[in-house]
Amino acid sequence: MTTLLKDYPVIVEFPVAWGEMDAMGHVNNIVYFRYFESARIAYFEKMDMMGYMTETGIGPILATTSCRFKIPLLYPDTVLIGAKVVSVEEDRFSMHYLAVSRKHQKAAAEGDGVIVTFNYREGTKVPIPGDVKQRIFAIEKSEPQGVK
């Protein structure tokens, strides 16, 4: 398991809940987006993005998200979700997520998200502030691909 998630600086863990399964007997697809959201928020917490947003009014807003399902998750299981930033552009950064089944010891799903920096006080997108970029680089321990 650690090999699968070795490149992910933020990892969250959840038990698969019985109520997350759908009529087909596996975890419903929308739940994966909740897993990814939780990993994204854990990443933001690690970089104190919410504190920064309180001070400046500038924070993250999800522009797009996607998921590729690999194997179905079933109850009982535990899923580990890794999150990392894979590219940084002028006003957005891209995250990659990996959902790993503890029971099967393999990837259950992969996802991506594009996060835009948004000035909530003015209601407009803004370039990523330099100190926010530095927080990302510190978590990733280097600059992600495509840094602009």
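## A walk through the model

Start by selecting lysine 6: its relative accessibility is 59%, so this lysine counts as exposed. Keep in mind along the way that you're looking at a predicted model.

**Stop 1: a pair beside it.** Aspartate 7 and lysine 6 form a salt bridge, with their closest N and O atoms 3.4 Å apart. Is aspartate 7 buried, exposed or partly exposed? At 47% relative accessibility, aspartate 7 counts as partly exposed. As background, side chains of opposite charge can pair when their charged atoms come close.

Stop 2: Select aspartate 91, arginine 92 and lysine 125. Aspartate 91 forms a salt bridge with lysine 125, the closest N and O atoms being 3.0 Å apart. This pair links distant parts of the chain: aspartate 91 sits in the loop between strand S3 (78-88) and strand S4 (92-101), while lysine 125 belongs to strand S6 (residues 124-125), 34 residues apart. Arginine 92 also forms a salt bridge with aspartate 91, and here the closest N and O atoms are 2.9 Å apart. Through shared partners, salt bridges join Asp91, Arg92 and Lys125 into one network.

Aspartate 91 has a relative accessible area of 14%, so it is buried. Arginine 92, at 25% relative accessibility, counts as partly exposed, and lysine 125 is partly exposed too, with a relative accessible area of 48%.

**Stop 3: helix H1.** Highlight residues 29-46. At 1.5 Å a residue, the 18 residues of helix H1 should span 26 Å, and the end C-alpha atoms are 27 Å apart, which agrees. Zoom in on the start of H1: a side-chain oxygen of asparagine 28 reaches to within 3.0 Å of the backbone nitrogen of isoleucine 30. Then colour the buried residues of H1: Val31, Tyr32, Tyr35, Phe36, Ala39, Arg40, Ala42, Tyr43 and Phe44.

**Stop 4: the core.** How many residues are in the largest nonpolar core? There are 38, and those with the most contacts inside this core are Tyr43, Phe93 and Ile136. Elements giving two or more residues to the core include strand S1 (10-15), helix H2 (49-56), strand S5 (106-119) and helix H3 (130-140). Which element gives the most? That's H1, with eight residues.

Select tyrosine 43 and show its neighbours. Leaving out residues up to four places away in sequence, tyrosine 43 touches Pro9, Val10, Ala83, Lys84, Val85, Met95, Ile136, Ile139 and Glu140. There's also a second, separate core of six residues, among them Leu5, Tyr8, Leu98 and Val100.

Stop 5: Go to aspartate 48, in the loop between H1 and H2. Aspartate 48 has a positive phi of about 55° although it is not a glycine. With 43% relative accessibility, aspartate 48 counts as partly exposed.

Jump to glutamine 105, in the loop between S4 and S5. Glutamine 105 isn't a glycine either, but has a positive phi of about 60°. At 43% relative accessibility, glutamine 105 counts as partly exposed.

Finish at proline 76, in the loop between S2 and S3. Look at the peptide bond from tyrosine 75 to proline 76: this bond is cis, with omega near -5°.

Conventions:
Residues numbered from 1 in each chain as written. Predicted model: local features only at pLDDT ≥ 70, side-chain atom pairs only at ≥ 80, totals over all residues. Heavy atoms only, no water. Helix = DSSP H or I, 4+ residues; strand = E, 2+ residues; numbered from the N terminus. Expected span 1.5 Å × (residues − 1). Buried < 20%, exposed > 50% of the residue type's maximum accessible area, 1.4 Å probe, protein only. Polar contact = N/O pair within 3.5 Å; in protein donor to acceptor, adjacent residues only side chain to side chain. Salt bridge = Lys/Arg side-chain N within 4 Å of Asp/Glu carboxyl O. Core = buried A, V, L, I, M, F, W, Y, C linked by side-chain atoms within 4.5 Å. Contact = heavy atoms within 4.5 Å.
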